[in-house]
Amino acid sequence: MLRCSTFVPAMAPASDKTPGFCRDCLAEQKGEARRCHACGSPRLVRHQELYDLTLAHIDCDAFYAAVEKRDNPELADKPVIIGGGKRGVVSTACYIARIHGVRSAMPMFKALEACPQAVVIRPDMEKYVAVGRQVRALMQELTPLVQPLSIDEAFLELGGTERLHHDPPARTLAKFARRVEKEIGITVSVGLSYCKFLAKVASDLQKPRGFSVIGREEAVAFLAPRPVTTIWGVGKAFAATLEADGIRTVGQLQQMEENDLMRRYGSIGQRLSRLSRGIDDREVHANDPAKSVSAETTFFDDISRYDDLVPILRNLSEKVSWRLKKSGIAGRTVVLKMKTADFKSRTRNRRLEDPTQLADKIFRTGLDLLEKETDGTKFRLIGIGVTDLGDAGRADPPDLIDRQSGRRAAAEAAMDKLRDKFGKGTVETGYTFGGKGNR
Ligand SMILES: [Mg+2]
């Protein structure tokens, strides 16, 4: 089902003063008319903050299916499923197939039970990648700050582009959507807001060909009645955990203390608390050039003892973590790098279950790797870092098995706060205090 019907802005109803325009002909709109005074189109967008908001999430509608329909007009009014192959699941279902109950990731046999008349097409990734690049190239004409999340969606920061485009971001985005339809032959949905989280929520509200705006004024009220799964990183499993604790809506999270949420759920508690209130200060990063984030140190005297290396490793892990947190990214693979006294390099990797930003996680993983290397060898350098970088949205989900890790994550967030307030040297952990770490 399309969820547009549930979108009721909590703000005052549109008045003569509410800015708005027509997404088809771009004529400015005044008053409360339901159709454009110039072209009669019902596709109007109106919002009190329309011309103040600059952060957008753009998502192609049923991307793979849309590309196939574009290339074969006979499919236009048929239910189309892209999928099959080895995993036997649905990659994308067009909106007609969705009406019949077909969903992404559904096993193919179930999808065909729901919609026996569907046309099934094997994915042609090469073609989709090429189309995805075309869409991205048009995005990059709008702003250099385009952060792709996948082949068919990206965040864009349009602050400061008004002079370039002679239009506020909202109108630039509407023009972009028209251009994609005309030049590439597929459709997109746009979410416009003041932060990544709500821009992404917004782009999903009126799919396909949507254009939704969520402003600062209405954020808290808008989020309150929604299910907890609205929050980035809360999947089915975690939603079930929350449900068991009696928490179903974002509004319930808004009522809870951040500390309480962190004590219960670990590092994700902080995310729950902030996002539930519409607080998200992650910035849009253009195609993150960084492939890894790391820190290393060379010793004055070679070191061979494990016990002497531990505090140094802790210190370096905290530096890496701090940089990840500041840039809103997370890494999935921890890399330990060492150089022996005779200049031989050793690198050891470990891939984690989930991406992380946590110093504690990076440190403990590094420690495991370090243990096997400290066999009396003298080292002149040690470094630790993470690769497989991505957005922090899915980093550090609550660890349901290891309760300790939740507590450590909460402690780490508390220390981060103190450091932010009083400077980096304020808080020493048991590992770095008195250690030989590089200071
Ligand atoms: Mg999409």
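Which strands does helix α4 (residues 125-142) lie across? Select it and look: helix α4 lies across β3, β7 and β8 (153-157), and runs at about 155 degrees to β7. Contact here means heavy atoms within 4.5 Å. Angles run from 0 to 180 degrees between N-to-C directions, with axes fitted to C-alpha atoms, for helices over the stretch in contact. Helices (H or I, at least four residues) and strands (E, at least two) are DSSP runs, numbered from the N terminus.

Before you go on, note that this is a predicted model: local features need pLDDT of at least 70, side-chain atom pairs count only at pLDDT 80 or more, and totals for chains, interfaces and linings use all residues. Residues are numbered from 1 along each chain as its sequence is written, and side-chain values use heavy atoms, leaving out hydrogens and water.

**First stop: the mixed sheet**

Now show the 5 strands of the open sheet, ordered β7-β8-β3-β9-β10 with mixed pairing; two strands pair if DSSP finds at least two bridges between them. At its edges you will find β7 (146-150) and β10 (211-213), each pairing on one side only. Zoom in on β3 (residues 55-60) and β9 (residues 188-193), an antiparallel pair with 6 bridges. Here Asp 59 faces Ser 189 in β9.

**Second stop: the antiparallel sheet**

Next, select the 4 strands of another open sheet, in the order β11-β14-β12-β13, paired antiparallel. Its edge strands are β11 (293-303) and β13 (345-356). Finish with helix α13 (residues 306-327), packed on the sheet with its direction at about 160 degrees to that of β11.
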